[in-house]
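Here is a quick tour for anyone meeting this structure for the first time. Have a look at it below, then read on.

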Amino acid sequence: MDPVTGKSLLIGGLIFLIPQSWFAWRVFRFSGAGAAREVVQGFYRGEAGKFLLTTAGFASAFLIAGPLQAAALFGAYIVLHVVHWLLLSRFAGI
């Protein structure tokens with residue numbers, strides 16, 4: 001594997017992980033029935049932030065990171081999404 005492909009895979013993975021971590025932090029920092037309003041607001045703000053961070057990640061990857069292999073970048077991002085969905089469905093018992 002050449003360094004450009006490795007860098008593209010790493011950046012694609014980070015573009016998935018950083019916004020997903022932001023979402024999880026915004027949603028799961030509150031718990032309990034008394035914090036229902038904060039939890040719902042966390043979902044909305046977390047999803048909006050996740051969208052903005054993902055968009056900014058892709059934009060900065062292509063503008064700042066230098067030469068990238070687009071197939072590897074998008075491939076890593078898509079594979080992590082599929083693995084995430086599979087793990088969620090497995091843990092939910094679906």
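## Ground rules

Helices (H or I, at least four residues) and strands (E, at least two) are DSSP runs, numbered from the N terminus. This is a predicted model, where local features need pLDDT of at least 70, side-chain atom pairs count only at pLDDT 80 or more, and totals for chains, interfaces and linings use all residues. Residue numbers start from 1 along each chain as its sequence is written, and side-chain values use heavy atoms, with hydrogens and water left out.

## How the helices pack

Two packed helices are described by the angle between their axes and the distance between the axes. Axes here are lines fitted to C-alpha atoms, for helices over the stretch in contact, and angles run from 0 to 180 degrees between N-to-C directions. Angles under 35 degrees count as roughly parallel, over 145 as roughly antiparallel, 65 to 115 as roughly perpendicular and the rest as oblique.

Start with α1 (residues 3-28) and α3 (residues 70-92): they pack at about 40°, with axes 7 Å apart. That makes α1 oblique to α3. The axes of α1 and α2 come within 8 Å and cross at roughly 160°, so these helices are roughly antiparallel to each other. For α2 (residues 36-64) and α3, the axes come within 12 Å and the crossing is again roughly 160°, so α2 and α3 are roughly antiparallel too.

## A nonpolar patch

Leu 10, Leu 14, Leu 17, Ile 18, Trp 22, Trp 25 and Leu 53 make a nonpolar surface patch of about 660 Å². Patches take residues with over 30% relative accessible area and no salt bridge, joining like charges within 9 Å and nonpolar side chains (Val, Leu, Ile, Met, Phe, Trp, Tyr) within 5 Å. A salt bridge is a side-chain nitrogen of Lys or Arg within 4 Å of a carboxyl oxygen of Asp or Glu. Accessible areas come from the Shrake-Rupley method with a 1.4 Å probe, and for residues only the protein chains shown count as cover.

Helix α1 gives the largest share of the patch, six residues.

## Two residues up close

Buried means under 20% relative accessible area, exposed over 50%, and partly exposed in between (1.4 Å probe, protein chains only). Leu 17 sits in α1 and is partly exposed, because its relative accessible area is 43%. Ala 71 belongs to α3 and counts as exposed, because its value is 61%.
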